[in-house]
Amino acid sequence: MSYCVNCGVELASSEKICPLCGVEVINPAVKPVLGEESRPYPKYIEEIHYREIRIATSKVIAMLMSIPFVIVLLMDFLDNRSFSWSLLPAAGIALIFMMCIFPCMLKRPIVWLFILFGALETAVFLFIVWFIYGGSWLFLLALPLLAAACAFVEGCYLAISAKRVRIHLKTIIVLLACMVFAVCVQILIELYLSGAIRLSWSVYVAITCGILSITVLIISRLYQKNESFKKRIFY
């Protein structure tokens with residue numbers, strides 16, 4: 001026997017709404033019947049289901065990618081009794097696998113670690129290209145640009161994923177990182193091509209990022225003042 005918490009009228013065990021005042025009836029003694037639509041924790045079950053599909057699909061793709069990897073190495077070895085031209089496509093396949101497929105094979109990929117690992121894999125691929133074709137571009141241009149790009153992406157990810165940092169500060173950090181990255185890229189390119197530092201297009205990128213950073217900072221300050229003003233008036 002239950003009663004309405006609002007008007008006190010006696011309620012039947014099957015009633016969900018009070019017939020007198022219309023208040024919703026919540027009876028903890030009555031156990032609800034779980035149907036297909038109200039099954040517990042549906043998102044968790046679906047997440048596990050999609051995760052298993054993702055891992056299985058990644059394994060199938062990895063098996064398919066191993067076929068051309070082995071074929072090019074085997075053809076090169078049978079023709080030349082050594083590995084020469086096959087190193088480039090094999091390294092490309094390995095790079096795609098490590099950067100795109102391997103993270104999907106894990107249950108919970110660590111993003112910052114895979115950014116660093118992807119940079120190392122790219123460095124190995126560039127080294128193989130340099131080993132085949134030669135030149136001075138690897139140590140003077142490619143590796144410094146790769147290090148700058150890795151630091152840029154790693155810093156942006158850590159800033160965006162920080163939980164205790166507000167959204168406007170994250171935006172400003174990313175804009176400042178873009179500004180520094182653009183300047184570093186042009187400096188490295190100019191040093192490799194002409195041996196002198198000349199800034200042109202990176203200045204426009206830096207000015208744009210600086211103006212956007214100041215704009216975001218001003219908007220955030222105005223928003224904070226507006227919120228504090230509302231609290232003083234209404235609270």
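User: What makes a group of residues a patch in this predicted model?

Analyst: Patches are made of residues with over 30% relative accessible area and no salt bridge, and nonpolar side chains are joined within 5 Å. In this predicted model, a nonpolar surface patch of about 630 Å² consists of Ile-110, Trp-112, Leu-113, Leu-116, Phe-117, Leu-120 and Leu-158. Helix H3, residues 111-133, supplies the largest share of the patch, 5 residues.

User: Why is Phe-117 called partly exposed?

Analyst: Buried means under 20% relative accessible area and exposed means over 50%, with partly exposed in between. Phe-117 has a relative accessible area of 31%, so Phe-117 is partly exposed. Phe-117 sits in helix H3 and is one of the residues of the nonpolar patch.

User: Why are H2 and H3 called roughly antiparallel?

Analyst: Angles over 145 degrees count as roughly antiparallel. The axes of H2 (residues 87-101) and H3 cross at roughly 175 degrees and come within 10 Å. H2 and H3 are therefore roughly antiparallel to each other.

User: Which residues in H2 and H3 meet?

Analyst: On the H2 side they include Leu-87, Leu-88, Ala-91 and Leu-95. On the H3 side they include Phe-117, Gly-118, Phe-125 and Tyr-133.

How values were computed: Residues are numbered from 1 along each chain as its sequence is written. This is a predicted model: local features need pLDDT of at least 70, side-chain atom pairs count only at pLDDT 80 or more; totals for chains, interfaces and linings use all residues. Side-chain values use heavy atoms; hydrogens and water are left out. Patches are made of residues with over 30% relative accessible area and no salt bridge: like charges are joined within 9 Å, nonpolar side chains (Val, Leu, Ile, Met, Phe, Trp, Tyr) within 5 Å. Accessible areas come from the Shrake-Rupley method with a 1.4 Å probe; for residues, only the protein chains shown count as cover. A salt bridge is a side-chain nitrogen of Lys or Arg within 4 Å of a carboxyl oxygen of Asp or Glu. Helices (H or I, at least four residues) and strands (E, at least two) are DSSP runs, numbered from the N terminus. Buried means under 20% relative accessible area, exposed over 50%, partly exposed in between (1.4 Å probe, protein chains only). Axes are lines fitted to C-alpha atoms, for helices over the stretch in contact, and angles run from 0 to 180 degrees between N-to-C directions. Angles under 35 degrees count as roughly parallel, over 145 as roughly antiparallel, 65 to 115 as roughly perpendicular and the rest as oblique. Contact means heavy atoms within 4.5 Å.
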